[in-house]
There are 2 protein chains.
Amino acid sequence: MLVSALVTSLAINSGLCVLFFTLYSILRKQPSNSEVYIPRVLAEGGYKKSSHFNLERLIPSPDWLRRAWKLTEDDLLEASGLDAVVFMRLINFSLRVFLFAGVIGVFVLLPVNCSGDALEYVDFADLSNNSLDVFSISNVASGSSLLWIHFSAVYLVTIFICCLLYYEYRYICEKRTSYFLASKPQPHQFTILVRSIPVPVGSSVSDSVERFFSEYHPSTYLSHSVVRRTNKLQNLISDAKKLYSRLVHLKSDPNKQKYKRSGTFGLFGPKVNLQDHYKKTLEDIEENVRLEQSEVSLAGEEVRAAFVSFKSRYGAAIAFHLQQSTNPTRWVTEQAPEPHDVYWPFFSSSFIRRWISKLVVIIACILLTILFLIPVVLVQGLTNLSQLEIYFPFLTSILTITFVSEVITGYLPSLILLLFLKMVPPVMEGFSSIQGYISNSAIQKSACSKVLWFTVWNIFFATVFSGSVFYKISIFLDPKNIPAKLASAVPAQASFFIAYVVTSGWTSTSSELFRIIPLLWSLMKRPFTDSKDDELEVPAIPYHSHMPRILFFVLLGITYFFLAPLILPFLLVYLCLGYIIYRNQFINVYAPRYETAGKFWPIAHNSVIFSLVLMHAIAVGVFTLKSIPVASTLTFPLPVFTLLFNEYCRKRFLPNFIAYPAESLLKKDRQDENDPTMPEFYSKLVGVYQDPALMPINFSANGDRLNSPLLSASSSSHS
Amino acid sequence: MLVSALVTSLAINSGLCVLFFTLYSILRKQPSNSEVYIPRVLAEGGYKKSSHFNLERLIPSPDWLRRAWKLTEDDLLEASGLDAVVFMRLINFSLRVFLFAGVIGVFVLLPVNCSGDALEYVDFADLSNNSLDVFSISNVASGSSLLWIHFSAVYLVTIFICCLLYYEYRYICEKRTSYFLASKPQPHQFTILVRSIPVPVGSSVSDSVERFFSEYHPSTYLSHSVVRRTNKLQNLISDAKKLYSRLVHLKSDPNKQKYKRSGTFGLFGPKVNLQDHYKKTLEDIEENVRLEQSEVSLAGEEVRAAFVSFKSRYGAAIAFHLQQSTNPTRWVTEQAPEPHDVYWPFFSSSFIRRWISKLVVIIACILLTILFLIPVVLVQGLTNLSQLEIYFPFLTSILTITFVSEVITGYLPSLILLLFLKMVPPVMEGFSSIQGYISNSAIQKSACSKVLWFTVWNIFFATVFSGSVFYKISIFLDPKNIPAKLASAVPAQASFFIAYVVTSGWTSTSSELFRIIPLLWSLMKRPFTDSKDDELEVPAIPYHSHMPRILFFVLLGITYFFLAPLILPFLLVYLCLGYIIYRNQFINVYAPRYETAGKFWPIAHNSVIFSLVLMHAIAVGVFTLKSIPVASTLTFPLPVFTLLFNEYCRKRFLPNFIAYPAESLLKKDRQDENDPTMPEFYSKLVGVYQDPALMPINFSANGDRLNSPLLSASSSSHS
């Protein structure tokens, strides 16, 4: 790619960013858009709609920037939980890394690269027609002693990142502990989920659980609630909900047509009062629901799984950590999620079935990864215009126009990739949900890793090693030659990834601020619904699509910082944008839906370690290729020590992210002993792990609109 | 190798076996050898020495065979513990596998191979000059449909082995549980070892432990004993022991010279009463020991580790399973070994130090493996006589003698390998002991895996891929081509491994019966010591040298059964020998030194799984090489399903081999509640984890010979 193509791409995207920022600054002040831009503030009642118009509303104002900038970590922790803090710390961490790497890259490596003379066609007078390779390591001659500067940079940055990783892990670990120690008694701290419950003939799951835990945990066992198969019920209830909201709508709007003909297509037959009709159907459905509920409550529909609550956190932890039965595939225990975080559909309980579904999901992920290569290969074709011209000769006339060719090489490939990538997180979330996880948080955590590795494989490796799937796989089956192959392929794609950072990174972040899709959606449905009466749903941040993106840019930055330091300024801009925008979104848009208390951090940590080792492999290959084998050999200890460092972190910090230690649990339990509200908490605990589908419903009796417990409970657990 | 060479080797080894058996049958009846052949029976007092001679003693009698044959599993369990049962079941398991594979191999595959015509120089009239390859798969022509018989055999045997593995794992798992449920209260069930104890300034380890466990485990905590650094003390005590035994010896033998001169070399100076002299020195040493003991008991010599005992097994299990501190590298808990199984020297406590010593041991193992290749390469040279003749032309005249060349190709290589291999288990045990294990059993278990992988790498792979170390490593760095390389290299070494089974397997087992080294040792020292008064030490079976050997033969059998089925009869003979001989040794020779309750089985299981997958890889390669790619493709699912099966077993059975489940623990604890002997047990428990070096000694005061507690305790923990 030429410098001019990059400049074109840069111009387009900077323009887009400025446009999005300006539009956002105006649109967010329009009351009609408040549901899109400040749903959280609305839900918390912190916003008064003033319907009279004033001029100020049309002038873009940067006050939101100041507010986002001033947000402290403690405020964020209080408002959005530890997960949001961890997310922001990831951006913070990346900023620090690339500030350090950026200084080295831009002020040391970039001049060194430019002063090289390996590429002969460098013409500084006409920069825009130069290849971007001038700024990369490709421009340094083989065997040049200048490469030792790159070597030192690799060492320096690795040490810096490892130190930072250590402090970050320790900090988040401490935060997690203090978060736990400061928390109020919460149901999931006292509860475990038991699966694969063996049921003797003639007994029910409930009896079996009661007998087992009264026998083996008599002093701490409190209560249990068996999980039931409620798929049918859930469908009925969602029907009822739809009908109910239509009814409410009808009532509130006196102008609407309240009669329709009862015949075919509503065209023939006698006129019927719509309101009565809806009410009648709703009552029928509710009757069905009640019937079904009492049926489900019978033993026949019991799933062999139950939430078992204990009188103390320590008691629950003991039951979770110790293998209960002599057959380890029975009475399988795991920590319970928060009650509203439970993912009730697909509640698989059998050990074997979960194992098989896990295998199936792995195979599905591999298939998806392979099939996804098709669009990637197409995109690759676009960056090589000459190839495109060979395959489609009729395009030659268009492609000769400079602007068109620059847009095509600089912008279009990334955009297409971006659109395809948009579909991946929901698909991966779907995969994770059938894998047998019991909570939305666990599903998103698993989807986060899946999306991350998918991105690394399908964007990084597929772009670097363009070719057939089998060619790519064959590279990894020949580990000895990986560094050499990486070294020849990775630097060649530097310009593509610089463009990728600008297009995908900048645009996606600023469109995140602008919330294009929710805005469009809100605009489309506004004429048809009365927004005032509609249930306001505050969105939760989908960590599984945002975190992998940031981590992938970190990977790009780490692997390319010594090859093509030009990528670093663009990355820094991206991270700065992200820093301010995500803070703003946490204040105004996203409400936390669950709290994993920082369990996403280990994913980020592992990803950075992987990036480091990948960078080392590339460095080994590059130094060999540039014929300074001594540097190549001296780079070898780096991945070894990085992996040892990772192993140490795994031992030192990871256990705290899986379960809380006995020390903290007992401290909390002892605090509670003197708490007068505990009896009340225990009595609430008994019923809290109840499938929302099994709660009594009564829409039809509600004369006026009530925010029924069912609606709010199920909306948060099903979405 | 020619058939005749194999026959020579066979003849030599059969002769040796018969010789060993006959000699054993005679020698074991001589009272003077009773310490070598029936130390266990002696120690248990079940043998009356009759010194009067009778003729029967000189006639070999097979009564021991009958006794060994009749031994039931329950008897074995009672006499030698569950580990011995597991060991015998491994032989049993192998026998069943190779009986099944043997029937298929000898009656189906062998005729098929012989009927092939790929090798042209087959001459059935003069069998002895035929290459052994006639009986192997090499003789089947490429593309022949006969190969589908081999394919079916691979499938059949894999399924058979997997089924057997499953039932065996389940059986041993059940045995382990019932063993635990039937056991008396034992100190190690109530105790855990805590390491990396943080000690505040101005406090001692003991205070720290007391405070922590009284605070966090108030209801179950019983007592603790801090580990102390006693290396110096141990040296002093061993000096005292030596002196004491010399003194006892002197006293008991009135004929010995009791005076020596006190000057240089005992030649000049006044005569001294030796007995008085020894007594004086002994008293001095004992004084030193007492001083040192009181010094060690002070806080300065405390190691940051302690054995912490609890009032119930469940309490100990909770403390073991739950992470205690917020820093997971502190208060690291693990299950305590049996008190006499504790390995007191090298008691490292720091988390980092143990981690580093583990890394050092891994590197040392790799180095040893690489250095060991030198003798293996030499041995390889011997099998290719023609090469040897080229390198050492002066040997040509000797090598032309048929018998010499047959001995050299058929017998010598295996013998040299055998001798070198003899040194590996003690070295590996040494490595394991500095790795930070706290018990002899754990050290032997770890050494067992090390020796096993060492054997597989250095005997199997080094023989198969003869060449430089780097060539071997390069093969494994190119995983795609492993099957092809295995397929071309493995069948070529069939004759070597058949000879290896006969020489190494048969000879080592029968020499195990004959106990050559202990016999020689006993013969050598008999003139110098009075055996009657000597401390009788009953040996324990070194599982870490015997188990890997059997498992390696299983690997050979599984990988070669379809390539060269001729190996199977020889293996079966080996296993039958092992079956009868080890049973005899368990009755007469070995006493259990510790009880892991079957923890060795997972090693055996994993090894068999590895053998299966290796066999599948070879099969894939061979079928490709023999140009039936369909069979090659159809073999692919086998390793996948084998690994999945292994994964299932790991989840289903392995947890029970690491710790007992809550169900069993509570059952046992409740049994004890009504046991009137428990208070006494608890009071004993307090002092049982005491370093033997810290126990009071008093040799000099013992006028007559006493079996002092120190002697027996330290002899069992130091050897």
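## A four-stranded sheet in chain A

In chain A, 4 strands form an open sheet in the order β2-β5-β1-β6, with antiparallel pairing. Its edges are β2 (221-228) and β6 (332-335) of chain A, each of which pairs on one side only. On average, and ignoring direction, neighbouring strands of the sheet are turned by 25° against each other. Do keep in mind that this is a predicted model.

Let's look at one pairing in detail. β2(A) and β5 (residues 302-310) of chain A run antiparallel and are joined by 6 bridges. One bridge links Ser225(A) with its partner Phe307(A) in β5(A). Helix α7 (residues 205-216) of chain A packs on the sheet, where it touches β1 (191-195), β2 and β5 of chain A. The direction of α7(A) makes about 155° with that of β2(A).

## Where the chains meet

Turning to the interface, 27 residues of chain A are in contact with 27 residues of chain B. On the chain A side, α10 (313-321), α26 (637-652), α27 (654-658) and α28 (662-673) each supply at least two residues. α28(A) gives the most, with 4 residues. By type, the chain A side divides into 12 nonpolar, 10 polar and 5 charged residues.

## A loop leucine in chain B

Leu536(B) lies in the loop between α21 (516-525) and α22 (543-560) of chain B. Is this leucine, Leu536(B), buried or exposed? Leu536(B) is exposed, because 12 other C-beta atoms lie within 10 Å, and a residue with 12 or fewer counts as exposed.

Leaving aside residues up to four places away in sequence, Leu536(B) touches Glu35(B), Pro39(B), Leu42(B) and Ala43(B). Leu42(B) is 494 residues from Leu536(B) along the chain, yet their C-alpha atoms are separated by 8.5 Å.

Terms used. Residues are numbered from 1 along each chain as its sequence is written. Chains are lettered from A and ligands numbered from 1 in the order in which they are written. This is a predicted model: local features need pLDDT of at least 70, side-chain atom pairs count only at pLDDT 80 or more; totals for chains, interfaces and linings use all residues. Two residues are in contact if their C-beta atoms, placed from the backbone, lie within 7 Å. Ala, Val, Leu, Ile, Met, Phe, Trp, Tyr, Cys and Pro count as nonpolar, Asp, Glu, Lys and Arg as charged, and the others, Gly among them, as polar. A residue is buried if 20 or more other C-beta atoms lie within 10 Å of its own, exposed if 12 or fewer, and partly exposed in between; C-beta atoms are placed from the backbone. Two strands pair if DSSP finds at least two bridges between them. Axes are lines fitted to C-alpha atoms, for helices over the stretch in contact, and angles run from 0 to 180 degrees between N-to-C directions.
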